[in-house]
Amino acid sequence: MNPPEFRLINGLELDAVPARLYRARANSHARQLASADWLLRERSNGRFFATMTGSRIQFLHRSPAPQRRLDAVAEVLDAADGGITHLPLSGLDPLLAELGMDAEAYGRQTGLAIVAEPVQLEYAGRDCFRRPLWLAYDAAKAWTRMRSAAAVQDVRLQAISGYRSAHYQMGIFRRKIARGMTVNDILAVNAAPGFSEHHSGCAIDIGTPGEPAAMESFENTDAFAWLQRHAAAYGFRMSYPRGNAHGISYEPWHWFWIGGNQS
Ligand SMILES: [Zn+2]
């Protein structure tokens with residue numbers, strides 16, 4: 001795989017990200033990460049798995065199943081070159097089974113569709129928590145243009161969150177279940193894994209400095225007023241206005257790139 005282009009590549013088990021964008025979680029890995037091209041992570045839990053420089057792979061942890069590890073790496077390398085644009089939806093089955101959910105019934109009830117995850121995502125700078133922000137290629141370009149246009153008018157738009165995987169969404173459910181919440185409680189505020197617009201890489205939660213992230217009070221900011229006037233020109237629309245048909249609470253911060261009609 002070529003050295004760092006600013007892409008995130010999704011395999012079924014692993015993803016690959018440019019190593020320089022991430023900090024080692026263990027001191028012993030810091031040097032290895034600093035000199036590597038790519039960092040491979042386990043998609044199920046985000047654990048750092050290996051680094052890759054040229055064709056040299058260095059694993060970060062010992063494993064009793066070396067062949068399985070190599071297979072997982074081969075698979076993400078295929079994903080980087082392959083003509084496949086989206087991950088297969090079958091990856092969701094074990095997650096929804098773990099939650100005891102019927103995907104069809106949930107989709108009918110909420111009017112939400114299953115959202116496929118792109119195999120490749122584009123780096124779009126950092127979010128307000130200094131984490132790398134990943135978006136689908138066209139959405140990343142549109143976000144960058146929109147943000148610059150706002151800045152010219154002294155309006156500061158900040159990304160709170162962009163692409164999130166179904167595994168990430170599953171992690172939210174697992175943590176809340178561990179705290180004693182039921183699946184139905186959680187579904188009142190979080191979309192089921194596989195059904196979040198954030199999986200597409202085209203959704204972005206937008207904030208502005210000095211304003212708490214993802215709160216309804218965002219609607220009173222200059223940033224929100226600017227978005228209402230101008231976001232459509234960049235291909236973005238608000239997904240969950242007040243009283244939306246999905247029964248999802250009002251989210252003035254959540255915008256989706258639908259494309260077309262951009263200036
Ligand atoms: Zn959102």
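The charged end of Arg41 sits over the ring of Tyr22, 5.0 Å from the ring centre. A charge counts as over a ring if NZ of Lys or CZ of Arg is within 6 Å of the ring centre and within 35 degrees of the ring normal. The model is predicted, so local features need pLDDT of at least 70 and side-chain atom pairs count only at pLDDT 80 or more, while totals for chains, interfaces and linings use all residues. Residues are numbered from 1 along each chain as its sequence is written, and side-chain values use heavy atoms, with hydrogens and water left out.

Rings of Phe, Tyr and Trp (its six-membered ring) pair if their centres lie within 6.5 Å; planes under 30 degrees apart count as stacked, over 60 as edge-to-face and the rest as tilted. Phe49 lies in strand β4 (residues 48-53) and Phe59 in strand β5 (residues 56-59), so the pair ties together parts that are ten residues apart in sequence. Helices (H or I, at least four residues) and strands (E, at least two) are DSSP runs, numbered from the N terminus. Phe49 is buried, with a relative accessible area of 12%. Phe59 is partly exposed, at 24%. Here buried means under 20% relative accessible area, exposed over 50%, and partly exposed in between (1.4 Å probe, protein chains only).

The structure holds seven aromatic pairs. Among them is a stacked pair of Trp226 and Tyr234, 6.3 Å centre to centre, with 25° between the planes. Both Trp226 and Tyr234 are buried. Ring pairs also link Phe6, Tyr123 and Trp134 into a cluster.

Strands β4 and β5 run antiparallel and are joined by four bridges. Two strands pair if DSSP finds at least two bridges between them. Ala50 stands opposite Phe59 of β5. Thr51 has Gln58 as its bridge partner in β5. The two strands form a hairpin with two residues between them, and Gly54 in the turn has a positive phi of about 60°. On the other pairing, strand β3 (residues 38-42) meets β4 in the antiparallel sense over four bridges. Leu39 has Thr51 as its bridge partner in β4. β3 and β4 also form a hairpin, with five residues between them; Gly46 in that turn has a positive phi of about 80°. β4 is mostly covered, with five of its six residues buried.

Elsewhere, four strands form an open sheet in the order β8-β9-β11-β10, with antiparallel pairing. The edge strands are β8 (158-161) and β10 (236-238), each pairing on one side only. Neighbouring strands of this sheet are turned by 45° against each other on average, direction ignored. Three bridges join β8 to β9. Helix α5 (residues 137-152) lies across β8, β9, β10 and β11, running at about 85° to β10. Helix α8 (residues 222-230) lies across β9, β10 and β11, at about 30° to β11. Contact means heavy atoms within 4.5 Å. Axes are lines fitted to C-alpha atoms, for helices over the stretch in contact, and angles run from 0 to 180 degrees between N-to-C directions.

The zinc ion is coordinated by His198 (NE2), Asp205 (OD) and His254 (ND1), at 2.0 to 2.1 Å. Donors are N, O and S atoms within 2.8 Å of the metal (3.2 Å for Na, K and Ca); water is not among the atoms, so sites may look incomplete. Along the chain the donors follow the spacing H-x6-D-x48-H. His198, in the loop between α7 (183-187) and β9 (203-207), and His254, in strand β11 (residues 254-257), are 56 residues apart and link distant parts of the chain. His198 is buried, with a relative accessible area of 2%. His254 is buried too, at 2%.

Most residues other than glycine have a negative phi. Arg130 has a positive phi near 70°. Its place is the loop between β6 (120-126) and β7 (132-135), and Arg130 is exposed, with a relative accessible area of 60%. Ala214 has a positive phi near 55°. Ala214 lies in the loop between β9 and α8 and is partly exposed, at 30%.
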